[in-house]
Protein chains: 2
Amino acid sequence: MDTEKFRNGAAYVGGKFVPFSEAAISVADWGFTRSDAVYDVVHVDDYRFFRLKDHVERFEASMKKRRIDVGLSTQEIEVVLHRVVALSGLSSAYVAMVALRGRPRVVGSRRPEDCTNHLVAYAVPWVDVISKEMQETGATLWISEHPRVPDASVDPAVKNYQWSDLTSALFEAHDHGYETAVLCDAEGFVTEGPGFNVFVVKEGRLVTPDRGALPGITRKTILELCAELGVPHSIGPVSRSDLQSADEVFISSSAGGVMPVRQVSDGGALPGSGGTVFRSIREAYWSAHKRPLFSTPVEAVQA
Amino acid sequence: MDTEKFRNGAAYVGGKFVPFSEAAISVADWGFTRSDAVYDVVHVDDYRFFRLKDHVERFEASMKKRRIDVGLSTQEIEVVLHRVVALSGLSSAYVAMVALRGRPRVVGSRRPEDCTNHLVAYAVPWVDVISKEMQETGATLWISEHPRVPDASVDPAVKNYQWSDLTSALFEAHDHGYETAVLCDAEGFVTEGPGFNVFVVKEGRLVTPDRGALPGITRKTILELCAELGVPHSIGPVSRSDLQSADEVFISSSAGGVMPVRQVSDGGALPGSGGTVFRSIREAYWSAHKRPLFSTPVEAVQA
């Protein structure tokens, strides 16, 4: 096996395993031209997938909702994921699985039913999306004026690439000197940020938004850890002022884990990584990566 | 020049001219993974671009709104478009220009400001998206229950690939045995369909929706032709019942021209291509393609 060529990552595209640098899709794939794709991301840490089954299960649920069928069983998808990580030789990786609508079998068709769906997967070196420094001090979070796309128009439980509203909010945050952003729905309730869930702690109770947000696997893990740690927690409405008057705020994503917030726009100072609830959850979160229940060793499978 | 290899179309990707079959983007391009891209499509008919300046102008306005800068002047973009058509040798082509966010120059950055934006363009053989037969009988149009993404969340004037709501509506239409769909906003007003604008004629007056819709170049042409033909016309609110009780309904897109509708869900029978206003507009529309004001001959420019 030529490990050198996979050093920057390995991918599965068009039924073949290729170096990540060669992983490309046609400019005419509807996964691109109609953003007609669903995806999921799983973290490999120390040669172990974290909650692989949960991610693949959500990925399959997303495909089903969008009527995308890549023609592979759950096990076959998992084999592909193991294989891209094994090929890359990476101990710590960001592993993506993407299901695309593809292109129509009938020239000129504008019917999604006529397309050949397909799977893309890749493993690339893990990069902390939040710097080590910011993981200690905490990020600054701008509450965007830009409304999140409503759940009725685009189901937020289907992990998708339609980031236009999130990108608008990011620009808005950066224009105001903030590091990242969170969006509210049309009624003013907090939803999520670009790629992450939000958590608010007030008087020892943790709440995460019940609308406009992906049910994150990291979020799920945090809620489970709250139960173990005896932290009162719920999924419920979070208003803009709940966020501004919180004792602690933090965010989570599979691509970054649990990350503290030190400042919310028009809110008071926050403890960042010094928050009591944050500290106990972060510690428990990274410990959970070693649990057999949550982690799956990467296998050097032959695909 | 090896014309054979460009027979199925020619493309411009990564600063190079390549056969369309080789036109691909990285699976990590944010144009894909965040659908952070804008595009436009222009029709070449009989070796002439139709309203090229209008399309490039709208494309540049879309880029500006999304803060995408591909580093090319208007003239340079036009040279690329002429070149892909000339390379393809096609007399009748669908010509796309796409501006993508690209990938971050800083590894691990999640800031769109850190990305190198780039242009993709291609010319492929023109295909009637509506069959000749349906262009006579007219299409059936399902009024979707799926709400269009609000203008406040995603600006519909920026031509984009975020088609999830449009795709949902298409599936819904097909499930009900209809050929295509139109979406309403949360207040129940008609917006647009997947890739087209809608027109309603009642008692000789033409109206096209004032919300949730791309200001189409074909729509603009139709409104200008209405003025010439003496057809009273306006851009205004169109309710679901306006659509259902219309005398004539038709749709328009740059990729298909003006196309009649023969049936709207829960509406009465419509004349399809037999409608008086439709017939005069369709004739005027295709005649307009020959006007020097609207058309630009494809030049065999060297890029």
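Author: **A strand and its setting**

Strand E1 of chain B is covered on both faces: Ala10(B) and Tyr12(B) on one side, and Ala11(B) and Val13(B) on the other, are all buried. A residue is called buried if 20 or more other C-beta atoms lie within 10 Å of its own, exposed if 12 or fewer do, and partly exposed in between, with C-beta atoms placed from the backbone. In a regular strand the side chains alternate between the two faces of the sheet. The model is a predicted one, in which local features need pLDDT of at least 70 and side-chain atom pairs count only at pLDDT 80 or more, while totals for chains, interfaces and linings use all residues. Residues are numbered from 1 along each chain as its sequence is written, and chains are lettered from A and ligands numbered from 1 in the order in which they are written. Helices (H or I, at least four residues) and strands (E, at least two) are DSSP runs, numbered from the N terminus.

E1(B) pairs with two other strands of chain B, where pairing requires that DSSP find at least two bridges between the strands. With E7(B) the pairing is antiparallel and has 3 bridges; Ala11(B) has Tyr122(B) as its bridge partner there. With E2(B) there are 4 bridges, again in the antiparallel sense, and Tyr12(B) stands opposite Phe17(B). E1(B) and E2(B) form a hairpin with 2 residues between the strands, in which Gly14(B) takes a positive phi near 60 degrees.

A helix of chain B also belongs to this setting. The buried residues of H3(B) pack against E1, strand E2 (16-19), strand E4 (37-45), helix H2 (52-65), strand E6 (93-104) and E7 of chain B. Of its 15 residues, 11 are buried, so H3(B) is largely enclosed by the rest of the structure. Among the buried residues are Ile77(B), Val80(B), Leu81(B), Val84(B) and Val85(B), and also Glu78(B), His82(B) and Arg83(B). An α-helix has 3.6 residues a turn, so residues three or four places apart point the same way. Helix H3 comprises residues 74-88 of chain B, and at 1.5 Å a residue it should span 21 Å; its end C-alpha atoms are 22 Å apart, which agrees. That expected span is 1.5 Å times one less than the number of residues in the helix. Gly89(B), with a positive phi near 70 degrees, follows H3(B).

E1(B) contributes as well to the side of chain B that touches chain A. Here 42 residues of chain B are in contact with 42 residues of chain A, contact meaning that the C-beta atoms of two residues, placed from the backbone, lie within 7 Å. Strand E1 (10-13), strand E3 (24-26), helix H1 (30-33), strand E7 (115-125) and helix H5 (164-175) of chain B each supply at least two residues of this side. H5(B) gives the largest share, 6 residues. By class the side has 23 nonpolar, 10 polar and 9 charged residues; Ala, Val, Leu, Ile, Met, Phe, Trp, Tyr, Cys and Pro count as nonpolar, Asp, Glu, Lys and Arg as charged, and the others, Gly among them, as polar. Between the chains, strand E3 (residues 24-26) of chain A is joined to E3(B) by 3 bridges and runs antiparallel to it; Ser26(A) stands opposite Ala24(B).

With 6 of its 6 residues buried, E13(A), residues 248-253, is largely enclosed by the rest of the structure. It pairs in the antiparallel sense with strand E10 (residues 197-202) of chain A over 5 bridges, and the bridge partner of Val201(A) is Glu248(A). Antiparallel pairing over 4 bridges also links E13(A) to strand E14 (residues 257-264) of chain A, where Phe250(A) has Pro260(A) as its partner. E13(A) and E14(A) form a hairpin with 3 residues between them.

As for confidence, the model scores ipTM 0.97 and pTM 0.97. Chain A averages a pLDDT of 95, and 98% of the residues score at least 70; pLDDT is the predictor's confidence in each residue, from 0 to 100.
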